[in-house]
Amino acid sequence: MLGWIILIFLPRRWPQLLWLPRFIIPFGLSLLYSGLAMSHILTVEGGGFGSLAEVKTLLSNDWALLAGWVHYLAFDLFIGGWIAVQADKVGISRLVQAPILLATFMAGPLGLALFMAMRAGYFRRASAAPDMPIAGEAV
């Protein structure tokens, strides 16, 4: 939760503060996932990734399920950090970013899709008005 609070609510004038949600927390979660995966996912009889039935069997093990959850936490936060930095680079308002980051927190791919669609629309709008500089661009 700390990483998401930093991304959504705290100011970005201190770039080092973004290291926590962008790199440090996802790295820690990645190490936790790796340990859980190596010690539990490979030991579930009948579990695997070859079919939906195998995944269902795999995730019936509580430790493998925890590994899956940690996997989502790591990747969603990493993508949230990427979204925040990319949105800042093109000058997208923090008020617009907040619901996208919240969607990424709750349903990672949905938030990513919203950001990609919004950013594409932003660039399309910017290219339609060539006299208007993109935020951060020299005039």
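## Salt bridge

A salt bridge is a side-chain nitrogen of Lys or Arg within 4 Å of a carboxyl oxygen of Asp or Glu. In this predicted model, local features need pLDDT of at least 70 and side-chain atom pairs count only at pLDDT 80 or more, while totals for chains, interfaces and linings use all residues. Residues are numbered from 1 along each chain as its sequence is written, and side-chain values use heavy atoms, with hydrogens and water left out.

One salt bridge is found in a search of the whole structure. R12 pairs with D88, and their closest N and O atoms are 2.7 Å apart. The two residues are 76 apart in the chain, R12 in the loop between α1 and α2 and D88 in helix α4. Helices are DSSP runs (H or I, at least four residues), numbered from the N terminus. R12 has 15% relative accessibility and therefore counts as buried, whereas D88, at 31%, is partly exposed. The classes are buried under 20% relative accessible area, exposed over 50%, and partly exposed in between (1.4 Å probe, protein chains only).

## Helices α2 and α4

Two packed helices are described by the angle between their axes and the distance between the axes. Axes here are lines fitted to C-alpha atoms, for helices over the stretch in contact, and angles run from 0 to 180 degrees between N-to-C directions. Helix α2 (residues 19-40) packs on helix α4 (residues 62-89) at about 160°, with the axes 8 Å apart. The two are therefore roughly antiparallel; angles under 35 degrees count as roughly parallel, over 145 as roughly antiparallel, 65 to 115 as roughly perpendicular and the rest as oblique.

The crossing of α2 and α4 is left-handed, a term for the near helix being turned anticlockwise from the far one by less than a right angle (right-handed if clockwise). Contact means heavy atoms within 4.5 Å. Residues making this contact include F23, I25, L29 and Y33 of α2 and W63, L66, V70 and F78 of α4. By class, the contact of α2 with α4 has 19 nonpolar, four polar and one charged residues. Ala, Val, Leu, Ile, Met, Phe, Trp, Tyr, Cys and Pro count as nonpolar, Asp, Glu, Lys and Arg as charged, and the others, Gly among them, as polar.

## Packing of helix α1

Helix α1 (residues 2-9) crosses α2 at roughly 160°, their axes coming within 8 Å. That makes α1 roughly antiparallel to α2. The crossing is left-handed. L2, G3, I6 and L7 of α1 meet L20, P21 and I25 of α2, a contact with six nonpolar, one polar and no charged residues.

With α4, the axis of α1 comes within 10 Å and crosses at roughly 15°, so α1 is roughly parallel to α4. This crossing is also left-handed. G3, W4 and L7 of α1 meet D76, L77, G80, G81 and A84 of α4; the residues divide into four nonpolar, three polar and one charged.

T104 lies in helix α5 (residues 94-106) and, at 1% relative accessibility, counts as buried. Leaving aside residues up to four places away in sequence, T104 touches W4, D76, I79, G80, I83, G111 and L112.

L114 belongs to helix α6 (residues 108-128). Its relative accessibility is 39%, so L114 counts as partly exposed. With residues up to four places away again not counted, L114 touches I100 and A103. The C-alpha atoms of L114 and A103 are separated by 8.3 Å, the two residues being eleven apart along the chain.
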